[in-house]
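Colleague: I have the model open on my screen and would like to go through it with you. Could you take me through the strands, the packing and the charged pairs?

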Amino acid sequence: QVQLVESGGGLVQAGGSLRLSCAASGGTFSTYSMGWFRQVPGKEREFVAAITWSGGSTRYADSVKGRFTISREDAKNTVYLQMNSLKPEDTAVYYCARGPRIGIFTYSSVYDYWGQGTQVTVSS
């Protein structure tokens, strides 16, 4: 059974940085794309960033482009989300998820395994 565990969330002031980690276990990691999503209460889960299995391609939501960077380290079965220049509107629970082997996708329905989420709170 694949398990994804996020870490690295917390409270940070606007303009600050955080790096989220997502550690995978129980299955093959290196041949799947990975994604980060976020959700605030009362709203739908929204796409943040994704990376292909090779790490050769990435995609970002317009709201985070230029501020967030997704990367992966297959030797550690871990995907990262470096978040810089954080804004209060980035406050959410952040989830990592395993995507398909081929392609890179922004919609959550194609991701089959999800972590439990980590809270990010950005104060103004």
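**Strands, core and charged pairs**

Modeller: S9 is mostly covered, since six of its seven residues are buried, where buried means under 20% relative accessible area, exposed means over 50%, and partly exposed lies in between, with a 1.4 Å probe and protein chains only. Strands here are DSSP runs (E, at least two residues), as helices are (H or I, at least four), and they are numbered from the N terminus. This is a predicted model, in which local features need pLDDT of at least 70 and side-chain atom pairs count only at pLDDT 80 or more, whereas totals for chains, interfaces and linings use all residues. Residues are numbered from 1 along each chain as its sequence is written, and side-chain values use heavy atoms, leaving out hydrogens and water.

Colleague: OK, and how many bridges pair S4 and S9?

Modeller: There are six, in the antiparallel sense, with pairing meaning that DSSP finds at least two bridges between the strands. Within that pairing, Trp 36 stands opposite Cys 96 of S9. S9 also pairs with S11 over three antiparallel bridges, where Ala 92 faces Val 120, and with strand S10 (residues 113-114) over two, again antiparallel, where Arg 98 is opposite Tyr 113.

Colleague: What does Cys 96 form with Cys 22?

Modeller: The two form a disulfide with their sulfur atoms 1.9 Å apart, the criterion being a pair of cysteine sulfur atoms within 2.5 Å. Cys 22 lies in strand S3 and Cys 96 in strand S9, so this link ties together parts that are 74 residues apart in sequence. The torsion about the S-S bond is about 50°, so the disulfide is right-handed. Cys 22 has 0% relative accessibility and counts as buried, and Cys 96 likewise counts as buried at 0%. A search of the whole structure finds one disulfide.

Colleague: Switching to the sheet: in what order do the four strands of the open sheet run?

Modeller: The order is S1-S3-S8-S7, with antiparallel pairing. Strand S1 (3-7) and S7 are at the edges with a single partner strand each, so one side of each has no neighbour in the sheet. On average, neighbouring strands of this sheet are turned by 15° against each other, direction ignored; the axes are lines fitted to C-alpha atoms, for helices over the stretch in contact, and angles run from 0 to 180 degrees between N-to-C directions.

Colleague: And which residue is the bridge partner of Ser 7 in S3?

Modeller: That is Ser 21, and S1 and S3 pair over five antiparallel bridges. Ser 21 is buried, with a relative accessible area of 16%.

Colleague: How many residues has the largest nonpolar core?

Modeller: It has 33, and those with the most contacts inside it are Trp 36, Leu 81, Met 83 and Tyr 94. A nonpolar core is a set of buried Ala, Val, Leu, Ile, Met, Phe, Trp, Tyr and Cys residues joined through side-chain atoms within 4.5 Å. The largest share of this core, five residues, comes from S5. Leu 81 touches, among others, Trp 36, Val 48, Phe 68, Ile 70 and Tyr 94, leaving aside residues up to four places away in sequence, contact being heavy atoms within 4.5 Å.

Colleague: What about charge: how many salt bridges does a search of the whole structure find?

Modeller: Seven, each being a side-chain nitrogen of Lys or Arg within 4 Å of a carboxyl oxygen of Asp or Glu. Arg 38 and Asp 90 meet at 2.9 Å, N to O, and Arg 38 lies in strand S4 while Asp 90 is in the loop between S8 and S9, so the pair ties together parts that are 52 residues apart in sequence. Asp 90 also meets Arg 67 in a salt bridge at 2.8 Å, N to O, and both of these residues are buried.

Colleague: Which residues are linked in a network of salt bridges?

Modeller: Arg 38, Glu 46, Arg 67 and Asp 90 are. There is also a salt bridge between Arg 72 and Asp 74, with the closest N and O atoms 2.9 Å apart; Arg 72 is buried at 14% relative accessible area, whereas Asp 74 is partly exposed at 30%.
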